[in-house]
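Colleague: Please take me through one part of this model in detail, namely a pair of packed helices and the sheet beside them.

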Amino acid sequence: MKTRAAVALAAGKPLEVMTLDLDGPRDGEVLVEIKASGVCHTDEFTRSGADPEGLFPAIFGHEGAGVVVDVGRGVTSLKKGDHVIPLYTPECRQCKSCLSQKTNLCTAIRATQGKGLMPDGTSRFSIGKDLVHHYMGCSTFSNFTVMPEIALAKIREDAPFDKVCYIGCGVTTGIGAVINTAKVEPGANVVVFGLGGIGLNVIQGARLAGANRIIGVDINPARKALAEQFGMTDFVNPKEVQGDLVPYLVSLTDGGADYSFECVGNVELMRQALECCHRGWGVSVIIGVAGAGQEIKTRPFQLVTGRVWKGTAFGGARGRTDVPKIVDWYMDGKIRIDELITHQMPLEDINKAFGLMHSGESIRSVVVY
Ligand code: NAD
Ligand code: AHE
Ligand code: ZN
């Protein structure tokens, strides 16, 4: 069949919207009509050429929602008409990682996913004879995509696609980092670096967890008002702080943060996020992804004296189990999404989403098909 998609032909170039070929689902695969897709900073990270795993040409997008159109042989858990959210972190429930119950990082299809291919080592997307890569196993910047069954979460049918698509990455990552990875407890002091599409969900997760002080750090002063609505108690603009940021944050938190979160992808901020944590117990969680060649560093003494450095992917969530529950939280009014979706656009205008991200005008842009 044919599908309309935004194709990344080369690193650093705008995406090109075109019609291309899509093969149907093979064994264990599902054809999905994508109804909406958020644009995450990770899409921009790969588009820019900073991602060591970046492949071109490819169809980006990993924050979608849609409807099952067809299923391949052997698919048992999904049928035509089911509403689904694609998962860049699948949940096979059979691999060593899934069975361990210690991680959400299912390994069943990670190797082929990282090569931009389906689990059988081929791509469903092509332009004539030329292969086009999948991206993060999802490719939600295509109106139709093929996904492995284990990488789809079935969700309720009354949930609006143009809102719950955001649960496919940003919402789950931010809230999950607080609840699953850090396990923030009531009364804790939390510092959040970066108040964009991920950081504001960390703020909302910290509020849900009953945190006491929730301190947001961002160089964009326009983030303050929205972050306050989501539970931030104090805003710090590093450009306005006299002297070093770390001692300033330590004094604001009575000796250091119980938990900090880096939601930017900047290795200098990752160090500051660790070092603003409380001696003896502070835990710093890295969420941001940093480009090829970037490395983190600190004095080992920071860890010797009890600070803990952690990271999280997809907020530690097991997608097929946890994503339907997070959709329920949204539908029940326990969490908020609408205010964070600041822009919507048709696929033809997808490059505007990257411009809005860079200018700091958007929190999340959502492409609606
Ligand atoms: P975003 O562009 O929406 O937000 C980034 C925010 O950081 C902006 O508000 C910006 O003003 C702020 N910022 C930039 N430089 C700063 C600085 N020096 N000091 C303080 N604030 C600064 O991006 P996003 O979609 O929220 O993604 C954030 C990061 O998280 C990216 O690196 C993305 O790739 C990563 N991410 C990781 C996961 C995961 O599973 N680990 C999931 C989603 C996104
Ligand atoms: N390919 C990059 C790493 C990118 C990365 O860390 N991705 C996160 C999700 S970001 C979503 O917006 C993730 O899930 N990582 C775990 C995994 O298995 O990819 C690189 O540096 O090579
Ligand atoms: Zn993402």
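**The helix pair and its sheet**

Modeller: Helix α5 passes helix α6 in a right-handed crossing (the near helix is turned clockwise from the far one by less than a right angle; helices, H or I of at least four residues, and strands, E of at least two, are DSSP runs numbered from the N terminus). This is a predicted model, in which local features need pLDDT of at least 70, side-chain atom pairs count only at pLDDT 80 or more, and totals for chains, interfaces and linings use all residues. Residues are numbered from 1 along each chain as its sequence is written, while chains are lettered from A and ligands numbered from 1 in the order in which they are written.

The axes of α5 (residues 170-182) and α6 (residues 199-208) come within 7 Å and cross at roughly 45 degrees (axes are lines fitted to C-alpha atoms, for helices over the stretch in contact, and angles run from 0 to 180 degrees between N-to-C directions). Among the contact residues are V171, I175 and V178 of α5 and L200, V202 and L208 of α6 (C-beta atoms, placed from the backbone, within 7 Å).

The sheet is open, with 6 strands in the order β12-β11-β10-β13-β14-β15 and parallel pairing (two strands pair if DSSP finds at least two bridges between them). Its edge strands are β12 (234-236) and β15 (308-311). Helix α5 packs on this sheet, touching β13, β14 and β15, and its direction makes about 130 degrees with that of β14.

Definitions and conventions: Two residues are in contact if their C-beta atoms, placed from the backbone, lie within 7 Å.
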